[in-house]
Amino acid sequence: MILALVGNQNSGKTTLFNQLTGSNQRVGNFPGVTVDQKFGEIRFAKNCTVVDLPGIYSLRAYSNEEIITRDFILNNKPDGIINIVDATNIERNLYLTLQLIEMQIPIVLALNMMDEVRANGGTINIRVMSRELGISVVPISAAKNEGIEELINKMINDAKNKHYPKRIDFCEPGPVHRCIHAISHIVEDHAEKLGMPPRFAATKIIEGDAHIVSRLKLSQNELDMIEHSIVEMETEHGMDRDAALADMRYSFIEKLCGRTVVRPRENREYLRSVKIDSVLTNKYLAIPLFLGIMLVIFWLTFNLIGAYLSDWLALGITALTNLVDHGLIFLGINPVVKSLVVDGVFAGIGSVLGFLPIIITLFFFLSILEDSGYMARVAFVMDKLMRKIGLSGRSIVPMLIGFGCTVPAVMATRTLSSERDRKMTILLTPFVSCSAKIPIYALFTAAFFTHYKALVMIGLYLSGILTGIVVALISNRTFMRGKPVPFVMELPNYRFPAFKNVMLLMWEKARDFLQRAFTIIFIATIVIWFLQNFNLRLNLVSDSNGSLLAAIGQWIAPIFKPLGFNDWRISTALITGLTAKEAVVSTLGVLTQSTAAELPSVLSSMFTPLTAVSFLVFTLLYTPCVAAVATIRRELGSAPKAAGLVAAQCGIAWIISYVIYNLCRLILY
Amino acid sequence: MMLDQLKQGKTAVITKVGGQGALRCRLLDMGIIPKTTVTIRNIAPLGDPLEIRIRDYTLTIRREDAEKIEVEPVEE
């Protein structure tokens, strides 16, 4: 049996899904659905799979999320729908319910947060509501795990016995009623052939759902009759088609709630939210507090907790590597194989696992920010600023995370509600200088700009941001034009984050990263190992100067001549920077045969301050590391797009370095 | 008057919802329809968007979108 879980955003849908499935969650593709869905077996029911559909407010086909939900229900025909609604905000939540009922699939209404309604002194007459809607209604509290078994039992019962919604008519007698019925009648035969309820088809046609219209294969004559009927309704009713349907549904809901809901005089959670907001979205405090919170999260992630975990992990990997190293020597294994295992395989695993502590810690904090309701406030506070570059307030958080690490930053774009915003944010995040580039900056500023270290650092960060802004402005006017997404967003009441949700999200992100990024990073590390250790005739090299990698470095070095650094060692270091940006520094050390202490003075013989600036700007902007590229590929869902992004970044890096280098040369000489 | 001209803390009744396409449908779906009461609760620190209270929940809306909603202020 397959059940679909549908509900508004902030209705507690994820919490209910986690309660139902625990850790039996998987992400995958259902036939006929292009986007991955989360699904899992219900823990206490046999052979019962529940699919978590995106949080939506309506079934109009305007947003991607709405289309996914509509198509899943139409094409996959689940055995039942669990419609979760926030009982403290019932009017708007029931709006979606009325549309779901039209789809004629057994549906159970889960009235979530009933504990809050009761605690505030409110009541809902479940029996009358169930009778009026013609579906089962079960009060639950997803956070407290109350009423959930009853909900599932009712759902299974209704699905098994095919209890379809008993009522589909929510309109008063009048023009709207007549129009819907006339159209239902016209499309009836077409709809039934497709297994689509005629009433659902009729309202979708009135809403102008082009996909449904084309699937119904209506004749021109029928289309004319339909249009005529709608226009007649609009004139008689004095409202256009969109408003008429919304008005019809909300009128029914208002009447229903008037009879079944006793509202509390005051809602404690709301009053508490108003108090918290008087600080967190305060005119003067909001932005400093937001930056402060982000700084604390950064410090905890990259300096304290994440770094601590990373150190332990590194210690473990080093110990294991040493053990294997000694074991292989003891067994007298061929040194090439030993090098493959130790420098290739283990280094690869190490670099993949190195990201895990950061991802886990960051998502721990991010899920708290999201679940508590603060993230919506951030979007509210930062919206005006982000809109200047064609994004909405929500994008600020992934971009700030980019200062730490591009990998979790790109993963964090998943919560953005608009596809276009998501792609834009992914495109811009790599321009924000990640923390792995700091060792490169530190080395070069120490070598060339001892007196202006801070200035150069700030200059680099600002150049990255500036480039990002320019790229954003250009792409807004070219390939990212698209429809602007309305920023009409709910600000949920502040709530205490559910521990289970936080833990499951951390687990999901860690698993996701390992599954998707492992192979790519692993292969890349081994390829680099191979290139570093073998020469053109595939003989082992003793000195990395003769390696394949050096040959490639030599081959591409002329590309960098216009930027002022025509040295194969530098281009080779840039290539190894693909695996991880820190590798740029270590490769320069290896290729110049100098220790960390000698490196600054060696560099001053290879670079002038001017070419150093050019090199720094290039490293700031050129392709992100393999792990980031793998994540971008995963989140964009397309390898060609990810490759395009890498190429575009390298191009932009080259152009900007070229411009800066030559401008400075003109000014100075 | 239009919703964006309503002062912070003031309440009004919606008389007409303008706009078009996705925006208009979104507004209607969220329950912003004629005869509904709306209150301006807060304004973002940079002056935009607005935070409004409607049908027992809170919503953010940009000024450029609020400009398309006609309201009749409620005398207190």
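What share of the contacts in chain B with a separation of 6 or more comes from residues 24 or more positions apart? The share is 54%, where two residues are in contact if their C-beta atoms, placed from the backbone, lie within 7 Å. The legends below describe a predicted model, in which local features need pLDDT of at least 70, side-chain atom pairs count only at pLDDT 80 or more, and totals for chains, interfaces and linings use all residues. Residues are numbered from 1 along each chain as its sequence is written, and chains are lettered from A and ligands numbered from 1 in the order in which they are written.

**Figure 1. Overall fold of chain B.** Chain B contains 2 helices and 5 strands; helices (H or I, at least four residues) and strands (E, at least two) are DSSP runs, numbered from the N terminus. Along the sequence these elements follow the pattern β-α-β-β-β-α-β. The radius of gyration of chain B, taken over C-alpha atoms, is 11 Å, close to the 11 Å that the globule rule gives for 76 residues, so chain B is as compact as a globular protein of that length. The globule rule is 2.2 Å times the number of residues to the power 0.38. The C-alpha trace of chain B spans about 30 × 30 × 25 Å along its principal axes. Of its 76 residues, 50% count as buried, a residue being buried if 20 or more other C-beta atoms lie within 10 Å of its own, exposed if 12 or fewer, and partly exposed in between, with C-beta atoms placed from the backbone.

**Figure 2. The contact between chain A and chain B.** Chain B contributes 29 residues to this contact and chain A contributes 30 residues. On the side of chain B that touches chain A, the elements giving two or more residues are α1 (21-29) and β4 (57-61) of chain B. The most comes from α1(B), with 8 residues. By class, this side of chain B has 15 nonpolar, 5 polar and 9 charged residues. Here Ala, Val, Leu, Ile, Met, Phe, Trp, Tyr, Cys and Pro count as nonpolar, Asp, Glu, Lys and Arg as charged, and the others, Gly among them, as polar.

**Figure 3. A sheet with strands from both chains.** Strands of a sheet pair through backbone hydrogen bonds, either parallel or antiparallel. In this view, an open sheet of 6 strands has the order β10(A)-β4(B)-β3(B)-β2(B)-β1(B)-β5(B), with antiparallel pairing; two strands pair if DSSP finds at least two bridges between them. At the edges stand β10 of chain A and β5 (69-73) of chain B, each with a single partner strand, so one side of each is left without a neighbour in the sheet. Strand β10 (residues 489-490) of chain A is joined to β4(B) by 2 bridges, and the two run antiparallel. Met489(A) has Thr60(B) as its bridge partner in β4(B). Strand β3 (residues 50-54) of chain B is joined to β4(B) by 5 bridges, again antiparallel, and Ile52(B) has Leu59(B) as its bridge partner there.

Figure 4. Chain A has 29 helices and 10 strands, and its C-alpha atoms fill a box of roughly 90 × 60 × 55 Å, taken along the principal axes. Of its 669 residues, 45% are buried. Residues 24 or more positions apart supply 70% of the contacts in chain A with a separation of 6 or more. A nonpolar core is a set of buried Ala, Val, Leu, Ile, Met, Phe, Trp, Tyr and Cys residues joined through C-beta atoms within 7 Å. The largest such core holds 204 residues, of which Leu5(A) and Ala110(A) touch the most other members. Helix α22 (residues 499-533) of chain A gives the most to this core, with 9 residues. Leaving aside neighbours within four places in sequence, the contacts of Ala110(A) include Leu16(A), Ile82(A), Val138(A) and Leu151(A).

**Figure 5. Domains 1 and 2 of chain A.** An automatic or database domain assignment divides chain A into domain 1 (2-160), domain 2 (175-262) and domain 3 (269-669). The centres of domain 1 and domain 2 of chain A, taken over C-alpha atoms, are separated by 24 Å. Their contact takes 18 residues from domain 1 and 19 residues from domain 2. On the domain 1 side, α3 (90-101), β7 (123-124) and α5 (126-133) of chain A are the elements that give two or more residues, and α3(A) gives the most, with 5 residues.

**Figure 6. Surroundings of Glu236(A).** Glu236(A) lies in helix α10 (residues 220-237) of chain A. Glu236(A) is partly exposed, with 14 other C-beta atoms within 10 Å. Pro175(A) is 61 residues from Glu236(A) in sequence, yet the two are 6.4 Å apart in space, C-alpha to C-alpha.
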